[in-house]
Amino acid sequence: MKNIKKILYVEDNPRDRELTLSALEEFNLVNEIICVQDGEEALNYLFKKGKYAGLENDSIGAILLDIKMPKIDGIEVLRRIKSDDKLKLIPVVMLTSSREERDLVESYSLGVNAYVVKPVDFMEFINAIKSVGLFWAILNETPE
Amino acid sequence: MEVKYKLNNNWKNYLIAFLVIAFAASLRIWPLQSLGLRTVWVTFYPSVMLVAVFGGLYAGLLATALSCSTALFLWPLFVNKPFINDFGDYLGMSVFIFTCVMMSVVSELILRARQKIKQANSLLESVNRDLELEVSSRRNAENELKAHKDKLEETVNERTIQLKNANEILSKSEERFRSTLDCMLEGCQILGFDLRYIYINDAADIHNRRPKEQLLGNRYEDMWPGIEKTHVYEVIKSCLESRIAQQMENEFTFPNGSRGWFELSIQPVPEGVFILSNDITPRKMIENDLRNLNIELEKRVFDRTAQLAEINNELESFTYSVSHDLRAPLRHINGFIDLLLRSNDNNLNDKGKRYLDIISSSSKQMGQLIDDLLNFSRTGRASLQIRDIDTNKLVTQVINNLIDSSSGNITWSVSDLPDIIGDPSLLEIVFINLIGNAVKYSARVKNPCIEIGFTRNDISQFIFFVKDNGAGFDMNYSDKLFGVFQRLHSSDEYEGTGVGLATVRRIIQKHGGETWAEGEVGKGAVFFFSIPVVPETAFITS
């Protein structure tokens with residue numbers, strides 16, 4: 001199981017988290033999903049700081065990132081990821097409540113891999129997750 | 001003058017000499033024979049003298065010779081005795097010849113002197129005549145001169161009269177100009193080269209705020225202490241020197257501290273410098289007020305703009321927040337209902353399931369409403385991204401998407417549509433709304449029929465229309481069709497949020513076009529929008 005990469009899921013809203021995780025269960029994923037509460041924690045995890053200092057041998061295959069979060073928002077996290085030489089290779093999917101144009105434009109200009117608007121309909125959401133080809137990103141090895 | 005002497009050798013003198021000697025000889029031979037021999041020359045002496053006096057040298061010599069000949073040759077014939085008898089006779093004859101020759105010479109000299117005198121006289125006379133001539137010519141010249149002088153005097157008199165008249169006219173004209181200057185509304189002042197006041201009119205009195213009597217004859221600097229440091233003083237000085245007219249607006253500070261604005265025209269004149277002044281204080285005050293008002297207005301506009309920008313920012317944060325935070329609870333309601341329905345141990349009866357359906361559909365409807373409203377507000381704020389649009393392609397796409405989610409028995413009639421220039425994503429929303437409405441409102445008729453086409457009202461605009469044979473509407477309420485939240489059908493009849501057509505109108509207006517509709521209840525409706533063939537610049541940059 002060592003080769004199977006983890007998925008980092010950054011979401012501040014516990015209900016959204018529960019719903020998303022339920023949706024992902026639908027796919028019977030073997031990947032471990034690591035949930036963090038906000039942007040700060042996500043960055044700590046990725047850069048191995050704070051309570052994640054000293055974390056070893058941790059390979060992330062994909063990042064699911066909410067945009068609107070307290071402290072450090074998803075756009076800022078994305079910026080930091082994409083400006084780091086190692087991390088920028090990890091595919092990032094933005095999960096957001098809205099189609100706000102400025103978020104979309106900014107995300108794509110920063111180099112996001114996919115952008116999913118959380119639909120009100122749960123099934124639609126599952127379809128949306130499917131449609132961005134998340135499985136492809138996770139099951140295939142990303143270049144080291 | 002040179003006098004020429006001529007000997008008197010006139011033949012008349014010789015004839016006279018002959019006759020006189022003949023007479024003297026005859027007189028001596030006959031009646032005076034008795035006088036004897038000693039007095040032989042008694043008649044010849046006066047005769048020769050007479051001849052010499054009248055005839056000159058040659059006549060005298062001839063008479064002498066004749067006398068001697070008579071005495072020598074005729075005398076012996078008549079007295080029978082030779083004339084020369086002894087030495088005495090010879091002496092007598094020699095005395096006679098000598099005396100006669102002398103007399104002749106003297107006579108000749110006398111004659112010559114007389115002739116000389118005569119010539120001198122005639123010379124004198126001719127000189128006299130010349131003199132007289134000259135005198136008379138002088139007199140003529142004098143007369144002429146006098147005539148000239150008279151004429152000149154006359155001319156001078158005439159000219160003097162003319163000059164006097166001209167002077168009168170001139171002084172009248174000067175008076176007229178002066179009175180004009182005096183009464184002018186503009187202030188007029190003349191300063192001499194020494195900057196002394198030469199002339200001031202009544203208006204200038206008012207401008208100077210002191211009577212002209214105080215100023216006239218006085219120097220400019222003395223009358224307005226401190227004026228040397230002002231710009232107007234420099235201008236006046238430079239005009240005096242350069243003789244170039246200048247114009248300026250000047251704020252003048254009076255000795256009492258009050259101020260006034262004057263428009264000045266400073267011109268060189270022979271006496272010095274002429275200053276024409278206009279009091280523009282009221283105008284300047286108005287200008288000043290206007291400038292202040294403008295500044296205030298600009299400040300207000302700036303403040304308002306800042307306020308507006310702030311409001312706009314707030315609005316944007318608000319819609320951003322709405323789009324994220326308002327949708328989240330709905331998503332949760334819907335998501336968890338779904339999870340509940342999916343779980344096997346939900347213990348729900350049919351009634352419970354129905355309630356959950358209602359909750360779910362209501363939350364979806366609210367989600368839709370939020371999306372529509374956000375779309376609507378976004379179309380208001382977003383700037384147009386102008387592109388060339390393949391309208392046929394766009395409309396076909398929209399129709400295909402709609403057919404997927406609706407019944408497929410609609411008869412479509414789509415014309416070949418012209419390409420347009422506009423914002424593709426916004427115009428897609430327009431077609432989605434209009435065609436979606438047509439589909440929605442014709443869903444309940446037997447043979448739904450939807451027609452999409454265009455006309456061109458003039459060169460500048462295309463008019464597109466979407467026509468259906470559905471529910472239609474009451475034309476009395478046509479003005480309400482495009483308002484936000486305005487619906488002509490209840491949600492029970494047809495679903496909808498009442499935002500779609502308002503969004504259409506807003507998008508079309510942003511493109512510089514218009515929207516309108518025609519319809520009849522139960523017979524269908526036609527929705528029109530116009531769009532400029534060439535987009536107006538104002539809409540591109542908005």
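The legends below describe close-up views of a predicted model.

**View 1. Confidence along chain A.**
Chain A has a mean pLDDT of 79, and 83% of its residues reach 70 or more. Within chain A, confidence is highest in helix H3 (residues 74-82), at a mean of 92. Confidence is lowest in helix H6 (residues 134-139) of chain A, where the mean is 51. Over residues 140-144 of chain A, pLDDT stays under 50. For residues 140-144 of chain A, the model has six contacts beyond four places in sequence.

**View 2. The parallel sheet of chain A.**
Chain A holds an open sheet of five strands, ordered S2-S1-S3-S4-S5, and their pairing is parallel. The edges are strand S2 (33-36) and strand S5 (114-117) of chain A; each has a single partner strand, so one side of each lacks a neighbour in the sheet. From one strand to the next, the twist averages 20 degrees. Strand S1 (residues 6-10) of chain A runs parallel to S2(A) and is joined to S2(A) by four bridges. Leu8(A) has Ile34(A) as its bridge partner in S2(A).

**View 3. Helices H2 and H3 of chain B.**
Two packed helices are described by the angle between their axes and by the distance between the axes. For helix H2 (residues 44-79) and helix H3 (residues 87-183) of chain B, the angle is about 160 degrees and the axes are 10 Å apart. An angle over 145 degrees counts as roughly antiparallel, and H2(B) and H3(B) are therefore roughly antiparallel to each other. The crossing of H2(B) and H3(B) is left-handed. Their contact is made up of 20 nonpolar residues, eight polar residues and one charged residue.

In chain B, five strands in the order S2-S1-S5-S4-S3 form an open sheet with antiparallel pairing. Strand S2 (197-200) and strand S3 (246-253) of chain B are at the edges; because each has a single partner strand, one side of each is left without a neighbour in the sheet. On average, and with direction ignored, neighbouring strands of this sheet are turned by 25 degrees against each other. Strand S1 (residues 187-192) and strand S5 (residues 272-279) of chain B run antiparallel and are joined by six bridges. Opposite Gln189(B) stands Ile275(B) in S5(B). Helix H8 (residues 281-342) of chain B packs on the sheet and touches S3, strand S4 (259-269) and S5 of chain B. The direction of H8(B) makes about 125 degrees with that of S4(B).

**View 4. Helices H11 and H12 of chain B.**
Helix H11 (residues 424-441) and helix H12 (residues 500-510) of chain B pack at an angle of about 145 degrees, and their axes are 9 Å apart. H11(B) passes H12(B) in a left-handed crossing. Residues of H11(B) in the contact include Leu426(B), Val430(B) and Asn437(B). Among those of H12(B) are Gly500(B), Val504(B) and Ile508(B). Sorted by class, the contact of H11(B) with H12(B) has nine nonpolar residues, four polar residues and no charged residues.

**View 5. The hairpin of strands S11 and S12 in chain B.**
Strand S11 (residues 515-520) and strand S12 (residues 524-532) of chain B run antiparallel, with six bridges joining them. Val526(B) of S12(B) stands opposite Glu518(B). The hairpin has three residues between the strands, and Gly522(B) in the hairpin takes a positive phi near 85 degrees.

Technical notes: Residues are numbered from 1 along each chain as its sequence is written. Chains are lettered from A and ligands numbered from 1 in the order in which they are written. This is a predicted model: local features need pLDDT of at least 70, side-chain atom pairs count only at pLDDT 80 or more; totals for chains, interfaces and linings use all residues. Side-chain values use heavy atoms; hydrogens and water are left out. Two strands pair if DSSP finds at least two bridges between them. Helices (H or I, at least four residues) and strands (E, at least two) are DSSP runs, numbered from the N terminus. Axes are lines fitted to C-alpha atoms, for helices over the stretch in contact, and angles run from 0 to 180 degrees between N-to-C directions. pLDDT is the predictor's confidence in each residue, from 0 to 100. Contact means heavy atoms within 4.5 Å. Angles under 35 degrees count as roughly parallel, over 145 as roughly antiparallel, 65 to 115 as roughly perpendicular and the rest as oblique. A crossing is left-handed if the near helix is turned anticlockwise from the far one by less than a right angle, and right-handed if clockwise. Ala, Val, Leu, Ile, Met, Phe, Trp, Tyr, Cys and Pro count as nonpolar, Asp, Glu, Lys and Arg as charged, and the others, Gly among them, as polar.
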